[in-house]
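Open the model in your viewer and keep the selection tool at hand. Each stop below says what to select next and what is found there.

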Amino acid sequence: MSEPDSPRWLDEITGELRREVPVRSAWRARLLEEVARAPKPSARDDIDDRFSDWQEISGHPERRRRSITLGPLAGLAAATLFVAIGAGITYTAMSSRAGSHQAQRAATATGPQLVSGAPSPVEREVVRFELSAPRASRVALVGSFNEWNPAATPLSRDPASGKWVVSLRLPPGRHVYAFVVDGDVTTDPAAPRAADDDFGSTNSVVFVSSPRT
Amino acid sequence: MIVRRLALAIAFACGAGAAGAQVVDRTLPSQLSPSTRATLERLIDSARVAGLPVDPLYSKVSEGVFRSADEPRVVAAVQRLARDLGDARTALGDSAAAEEITAGANALRAGLHPADLSRLREARGHKSGHPLTVALVVIADLATRGVPPAMAAASVNELVTRNVSDGSLLSFRQNVERDLVGGRSPASALDARTRAMIDDERRRP
């Protein structure tokens, strides 16, 4: 098809160029065989090409690209290892930031007592709770620090004093709690009280100061 | 290239670990009905958006379940606490720590007036960055033992003005309790113990 206003000699040349080139059928068949036999191209080929270019640019043709191939399980194990390393590094950093404390202090002269200040994440202090209940067979601690779960923090009887005791790591701040003595809920007689809790009950309060104060 | 990829992977893992360490997952007890859970979640979300501490609200729900309170009562308790937390924050100021706000809410619950909280904040002033938590705990405790809240607040106010330590405030509370158990009147017990503590502080080097 000729374009409008184009010279005739140009039409002849373009017509000749557009004419289909005859190809021998044998040549065509051989070409198709070669194409079928050739390996399929992959993304690595592109990377290899770029690596080869880099080798030339950097002037280090003797360097060889190394590749690591991981199967699915090995890949999963490697990913798990990396996450564990990350969590461990984070834990270590947070622990060292908390500092160490060796002084023994008492939150109150009686009642819950701060026992030690071993370094721990989130600057927790060890607080000792104790209750004199010589006729009890089971005592548990419930409070804001254990979701008020009576199964979470049982006390044990101290053979020396006969009192029921337990030590907990608590973060700084105000915590409310109560004892469950053979199924009955009772406050700590040696601790400050909190106002009515809207459930017709009174709770005890322990205050844990920040280790830095 | 491999070393760089390994470094990136480790850096990513550290970030994921740090992010995981900061996320605290609080959930409501499973015993609650779906409608109550939805109501409580809305309440707690509102409190969170308002910048109030929400741990006490979750704890209140857990306590209600522990004490076998019926669900409307649990919801009412959480609503009331959220309101008290807001009032305490208003009285103590926006810079008040979460533990101060919680202790302040309990002091309001014990009968203290918000103006008393504001006076306590003024008494501390900017002399120290020390929270008023223990002072508020002591006031609430004395109020539960029959001491008029305003009277308890006035005494503690006096001690806070003189920068009495938390340990001394807790000892003060114990001594007043002992006097009350011994039959002394609240006014008499407070007056005597406040004077004694002020004298002790004066004698300190």
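Select B:Ser68 to begin; the model is predicted, and in it this residue is exposed, with a relative accessible area of 67%. B:Ser68 sits in the loop between α3 and α4 of chain B. Check its backbone angles: phi is positive, about 55°, although the residue is not a glycine. Most residues other than glycine have a negative phi.

Is B:Asn163 buried, partly exposed or exposed? Its relative accessibility is 46%, so it counts as partly exposed.

Now select residues 34-49 of chain B, which form helix α2. This helix has 16 residues. From first C-alpha to last, α2(B) reaches 22 Å, close to the 22 Å expected at 1.5 Å a residue.

Which residues of α2(B) are buried? They are B:Thr36, B:Leu40, B:Leu43, B:Ile44 and B:Ala47. These residues lie on the same side of α2(B), because they cover an arc of only 95° around the axis. Show α3 (55-66) and α4 (71-92) of chain B as well: the buried residues of α2(B) pack against both. Then turn to the face pointing away from the buried side, where B:Pro34, B:Ser35, B:Arg42 and B:Val49 are exposed. Just after the helix, B:Gly51 has a positive phi of about 80°.

Select B:Leu40 again, this time with B:Leu57, B:Leu117, B:Val156 and B:Phe172. These five have the most contacts inside the largest nonpolar core, which has 67 residues. The element that gives the most to this core is α4(B), with 10 residues. Center the view on B:Phe172. Leaving out residues up to four places away in sequence, its contacts include B:Val138, B:Leu142, B:Val156, B:Leu190 and B:Met197. There is also a second, separate core, of 18 residues; among them are A:Leu141, A:Trp164, A:Leu168 and A:Phe179.

Finish with the whole of chain A. Its secondary structure comes to 4 helices and 8 strands. Follow the chain from the N terminus: the order of elements is α-α-α-α-β-β-β-β-β-β-β-β. How many of the 213 residues of chain A count as buried, as a percentage? The figure is 29%. Color the surface by atom type: chain A exposes about 14,300 Å², and carbon and sulfur atoms supply 57% of that area.

Key
Residues numbered from 1 in each chain as written. Chains lettered and ligands numbered in written order. Predicted model: local features only at pLDDT ≥ 70, side-chain atom pairs only at ≥ 80, totals over all residues. Heavy atoms only, no water. Helix = DSSP H or I, 4+ residues; strand = E, 2+ residues; numbered from the N terminus. Expected span 1.5 Å × (residues − 1). Buried < 20%, exposed > 50% of the residue type's maximum accessible area, 1.4 Å probe, protein only. Arc of directions from axis to C-beta. Contact = heavy atoms within 4.5 Å. Areas by Shrake-Rupley, 256 points an atom, 1.4 Å probe, with all protein chains shown as cover. Core = buried A, V, L, I, M, F, W, Y, C linked by side-chain atoms within 4.5 Å.
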